[in-house]
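Me: I'm new to this one. Can you walk me through it?

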Amino acid sequence: MTPDDPLREHLQRLEMMLRQAGLWQETAPDSRALASTQPFCLDTLEPLEWLQWVLLPRMRQLLDSQQPLPQNVAITPYYEMALDSAHPLREPILLALLQLDALLTGDNT
C-alpha cells in the first residue's frame, strides 16, 4: 500500500458514483471547453463535467507521474453553490468532495 492509495481509491469511488447515477459522459467536450482559464471551467462546462473531464484526469495524472498534489484546495464550496439543491446526488457528491478536500489538505479531522 502506498501513501497515495487512499486518494486513488477516493477518486475511483467518485467516478463510480457518477457512472452509477448515469451522469458519466462517453463523449468529451470540445477541446476549447477544456481549455477554459476560469476556475472549474465555469464558463464552458457544467459542474459534473468538470469533475469527469478535468479533476479526475488531472489528479490521476499527478499521482501517476508522482508530481506534487495541490494542497491549498477548496472544491466543496463551489459545488455547494453550483449544484442545485434538488439534485439527487447533491449530498453524496458534497460529502465525497469534502473528503477529497480533506485528503488533499491533510485535514483528516
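**Helices and a pocket**

Reply: Start with α5. Its buried residues pack against α1, α3 and α4 (76-82). Keep in mind that this is a predicted model.

Me: Which residues of α5 are buried?

Reply: They are Arg 90, Ile 93, Leu 94, Ala 96, Leu 97, Leu 100, Asp 101, Ala 102 and Leu 104.

Me: How far apart are the end C-alpha atoms of α5?

Reply: They are 22 Å apart.

Me: What comes after α5?

Reply: Gly 106 follows α5, with a positive phi near 80°.

Me: Now α1. Which of its residues are buried?

Reply: In α1 the buried ones are Asp 5, Leu 7, His 10, Leu 11, Leu 14, Glu 15, Met 17 and Leu 18.

Me: And what covers them?

Reply: The cover includes α3 and α5 (90-105).

Me: What follows α1?

Reply: Gly 22 does, and its phi is positive, near 75°.

Me: Switching topic. What volume does the largest pocket have?

Reply: About 180 Å³. Its lining has 13 residues. Trp 50, Leu 55, Pro 70, Val 73 and Ile 75 lie nearest the centre.

Me: Which helix gives the most to that lining?

Reply: Helix α3 (residues 47-64), with six residues.

Me: How does the lining split by class?

Reply: There are 11 nonpolar residues, one polar and one charged.

Conventions
Residues numbered from 1 in each chain as written. Predicted model: local features only at pLDDT ≥ 70, side-chain atom pairs only at ≥ 80, totals over all residues. Heavy atoms only, no water. 1 Å grid on protein atoms, 1.4 Å probe; cavity = no way out; pocket = protein on both sides within 12 Å on 5 of 7 lines; lining within 4 Å. Points joined across faces, edges and corners; volume = space filled by probe spheres on them. Helix = DSSP H or I, 4+ residues; strand = E, 2+ residues; numbered from the N terminus. Nonpolar A, V, L, I, M, F, W, Y, C, P; charged D, E, K, R; others polar. Buried < 20%, exposed > 50% of the residue type's maximum accessible area, 1.4 Å probe, protein only. Contact = heavy atoms within 4.5 Å. Expected span 1.5 Å × (residues − 1).
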